[in-house]
Amino acid sequence: MLRASIAAAAVGTGGLTVAGIAPLRSESTHPDQAPAHLRGAAPLPHAQVIALDIAMGEDQRGRALHAAHQVVAAVNSGKIAAWLALGASALSASADRPRHLKQMPVFGGDVLDPAQSHGDLLIQITATSADAAQEAAKQMLRKLPQWRVRWRVEGVRPENRTESGRGLARNPFHFTEGYGNPASPAEIAERATVQAGQGEPAWAVGGSYQVIRIIRLATDFWDRDTLHDQEHIIGRRRDGRWLDGTPADERAVFTSDPDGKITPLDAHVRRAAPDRRHPPPLVRRGYNYQRSPDDQGLIFSCFQRDLEKGFEAVQHRLQDEAMAKYTLTVGGGYFFVPPPGDGWLDALA
Ligand code: HEM
């Protein structure tokens, strides 16, 4: 149990400084900087997404979590942004857990492979190069014998760039992604970060729910469709413009097209965000993956302060979207990125 084991680790060591582990270097030493998972308008272009399970007894959980926090905090630099996120199974039943944190449910059409789903802990390393991300992962895992890898996937954001404050990239369906995200750091933080007064434990304020979905995409099948059909399935042109020609960074008005003559009612963006005045409160920061020519897709990743109002509300609306027949979700999970610093470790003790 996390609670018991952190307490045990702290006994006789003067607080949470566990014997053999140096004092924690807090990520909160840069108060004006966004936390690692929300740093920069565009995420760093390469990622290692690693889900871990505790490899030791329950009584070692607190210690193992400590070690993970320390190793992750130490790897952050100008070229690497890394963070950890807790799975529901990382916390004891009695822990003051984030209200929505649970095992990711199976949504209609999902075929979740247990070997690619869930996990006690998620570590995500993002970096300026694939080599840097791989090397950081190797070094980190070497220092974490308390954990064993449950699943792991490497991601990339082709054509990664920032335009008008938004991070954009090209997805495996050749469409530009990112326009629906907020452009201002304040709105990113507002959508993605747990606030006081939300009914969440005090320790969780400033943290984020992270959803990962490993979505296999039928790119061959997709590539056989015409561009016209593809654009009507997404609801935007490949370059992001709306189907009526409205520029990408302006707001579409679906109310003047109630029957979906311009933008079909089952188009992805229309299902994802039907009310243009109230965009879904989430921030997407996904990556493409390719494990073999016929196993490629999206490491869909989003952050939100409220899982039900964020990811789950959108996912339910996407159930029978036109794009569904080209996608298969095979893995991922629900996680909680603790707020910067190490106060959360104390709170869970
Ligand atoms: C199956 C793989 C997916 C693909 C290929 C895909 C692709 C896209 C594209 C091309 C856009 C338009 C550009 C943009 O606004 O970023 C978009 C928008 C969006 N997608 Fe997805 N997406 C996928 C899965 C998902 C999932 C699983 C969710 C959430 C449950 C989601 C939520 C959204 C939202 C909220 C928007 C913004 C809508 C707007 O404000 O206009 N997408 N997606």
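These legends describe close-up views of a predicted model.

In this predicted model, local features need pLDDT of at least 70, side-chain atom pairs count only at pLDDT 80 or more, and totals for chains, interfaces and linings use all residues. Residues are numbered from 1 along each chain as its sequence is written, and side-chain values use heavy atoms, with hydrogens and water left out.

**View 1. The shell around the ligand.**

**View 2. Polar atoms facing the ligand.** A backbone N or O atom of Gly178 lies 2.6 Å from a ligand oxygen atom. For Gly180, a backbone N or O atom is 2.7 Å from an oxygen atom of the ligand. His268 places a polar side-chain atom 2.8 Å from a ligand nitrogen atom. Helices (H or I, at least four residues) and strands (E, at least two) are DSSP runs, numbered from the N terminus.

View 3. Lys138 forms a salt bridge with Glu135, and their closest N and O atoms are 3.9 Å apart. The term means a side-chain nitrogen of Lys or Arg within 4 Å of a carboxyl oxygen of Asp or Glu. Both residues lie in helix α3 (residues 130-142), 3 residues apart, about one turn of the helix. Lys138 is partly exposed at 45% relative accessible area. Glu135 is also partly exposed, at 36%. Buried means under 20% relative accessible area, exposed over 50%, and partly exposed in between (1.4 Å probe, protein chains only).

**View 4. A salt bridge between two strands.** Asp295 pairs with Arg216 in a salt bridge, with the closest N and O atoms 3.6 Å apart. Asp295 lies in strand β11 and Arg216 in strand β8, so the pair ties together parts 79 residues apart in sequence. Asp295 is buried at 15% relative accessibility, whereas Arg216 is partly exposed at 34%. A network of salt bridges links Arg216, Arg291 and Asp295.

**View 5. A salt bridge from helix to loop.** Arg271 forms a salt bridge with Asp320, and the closest N and O atoms are 2.5 Å apart. Arg271 sits in helix α7, and Asp320 in the loop between α8 and β12 (327-337), 49 residues apart. Asp320 is exposed, at 54% relative accessibility.

Methods. Polar contact = N/O pair within 3.5 Å; in protein donor to acceptor, adjacent residues only side chain to side chain.
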